[in-house]
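Colleague: I have some questions about the terms used for this model. Please set each value against its definition.

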Amino acid sequence: MDLTDLLEIAETQRAKQKPTRVHCCTSTGCRAARSLEVLQNLKSAIETAGLQDQVEVVGVGCSGFCGRGPLVEIDPKNVLYEEVKPEDAASIIDTLRGGTTTATQGDLNHPFFSRQLKIVRQHSGKLDPESIEEYIAVGGYRSLYKALYEMSPAEVVEEITKSGLRGRGGGGYPTGLKWSTVAKMPGDQKYVICNGDEGDPGAFMDRSVLESDPHLVLEGMAIAGYAVGANHGFIYVRAEYPLAIQRLQKAIQQAKKYGLLGSQIFDSHFDFKVDIRIGAGAFVCGEETALIQSIQGGRGNPKTRPPYPAQSGLWDCPTLINNVESFANIAAIIREGSEWYASIGTEKSKGTKIFALTGKIRNNGLIEVPMGITLREIVEEMGGGVPDGEVKAVQTGGPSGGCIPASLLDTPVDYDSLTAIGSMMGSGGMVVMDQTTNMVEVAQFYMEFCRGESCGKCIPCRAGTVQLYGMLTRLLKKQATQADLEKMKELCYMVKETSLCGLGMSAPNPVLSTLRYFGEEYEALLQSPAYLNGKVTPSG
């Protein structure tokens, strides 16, 4: 395989495509709403209408507007249909001949779509994720060729560094700095790991990218391997994502067949193979040292750092670990250049970020927006606000994040701004809450999650989350005193400062942020009449 071969595949694929394409979402979420039946009925309707030469029906990845799925889009007419039922399929095809349809037409000019800037999700909902030829036809694997033949490994690292890309898995560590560290480490064996262990409640960004555009992630990993001197990559995906795993397996096989993975990629001296490792669903395995332990066949427990994985990781070799979304940005940066990418976003937070917009919101789904957009723009313009009442809070960052009050909705969405108000970017979960939400119950929910997901290796997290959950439970039962509340605050800071890994360090964040912004709800639960009458004996 050389560049001429790649261009020939692209040209052949473009020549095969019909003038009109009917895209039907086949993501996990839409499948639950019978999208596979919709897809089959669309194909049958094309045959019945005799339009096989002019129209093709394509099962595509997630289009993003998950709350209105299944979605069907007519390209190039740019017509969108929402909440399509199998019985709507025939009438949708009738519209191609001037007929009418029973399906509900959507608005592609709605802010949910128009305010997005798609880099990672540029192909989602447009391409067949199981066709490498379609990916190649839109420029796929061209960036890998450019890196191999027009750039040295050091130049690739420099390009990623200048782009300002930061880790999209939650911590926000500069990607170029991590790549540079691994590249400088001695040794003949190095590894690249793609962290697809997405465990935050309400988060499904990585699943969508892997289901919709698996080759984009593989290309990013291969470029990373070339840049840091690694010849072996692993994608760690939780077992709850069977469709993502299936499509990744097929994508790897296709790439190997075309010589885009494996030995002597593009007839160069660069070798890079990718294997999949399936996780059992432990939230703690999102932490990179725990993930490494799991890949090696051990229990997913974190390790003390240093040494960091970049120095001594998988099987004690230098290891580069990035999130799915981070790798999915790489091809675009190499193709368009670091200056282009750095021009998007804010001074310290470059590029775009994908969020799973969920909760008490009219328009829920996946959005990709430039860094620096405000929470208000996301929630009220793109999300359409809450169905009934007003926004009370927005929770970002999953169990590791915090609850942001409506008074701070004008906060820019970037790493530093969210941290300054007691939350964090996290992997991209964004849960909207209305005036009916009890914020103490929210804190209890996330603490229960962290308690159950703690690996138990360190005492602050193992015992601290249990005690904090118990304190919140007593508070909700109106069995707590002001002294108990002060003790809970003190314990939050102890767990935050002394836990071994990020799970424990961030577990108190939902409690601390709700105490900070909704303290009156905690105060209102103190010292119930039953307690004052001595009918309740406080615990510990």
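This is a predicted model: local features need pLDDT of at least 70, side-chain atom pairs count only at pLDDT 80 or more; totals for chains, interfaces and linings use all residues.

Modeller: Residues are numbered from 1 along each chain as its sequence is written, and side-chain values use heavy atoms, with hydrogens and water left out.

Colleague: Why is A290 called buried?

Modeller: Buried means under 20% relative accessible area (1.4 Å probe, protein chains only). A290 has 0%, so it is buried.

Colleague: What makes α13 largely enclosed by the rest of the structure?

Modeller: Helices are DSSP runs of H or I, at least four residues, and strands are runs of E, at least two, numbered from the N terminus. Helix α13 covers residues 288–295, and seven of its eight residues are buried, so the helix is largely enclosed. Among the buried ones are E288, L291 and I295. Their cover includes α9 (175–184) and β6 (191–196).

Colleague: Which residues does A290 touch, not counting those up to four places away in sequence?

Modeller: V284, C285, G300, N301 and P302. Contact means heavy atoms within 4.5 Å.

Colleague: How do you know that β1 and β2 pair?

Modeller: Two strands pair if DSSP finds at least two bridges between them. Strand β1 (residues 20–25) and β2 have six bridges, in the parallel sense.

Colleague: What makes β2 and β5 edge strands?

Modeller: The open sheet has the order β2-β1-β3-β4-β5. β2 (55–60) and β5 (104–105) each pair on one side only.

Methods. Buried means under 20% relative accessible area, exposed over 50%, partly exposed in between (1.4 Å probe, protein chains only).
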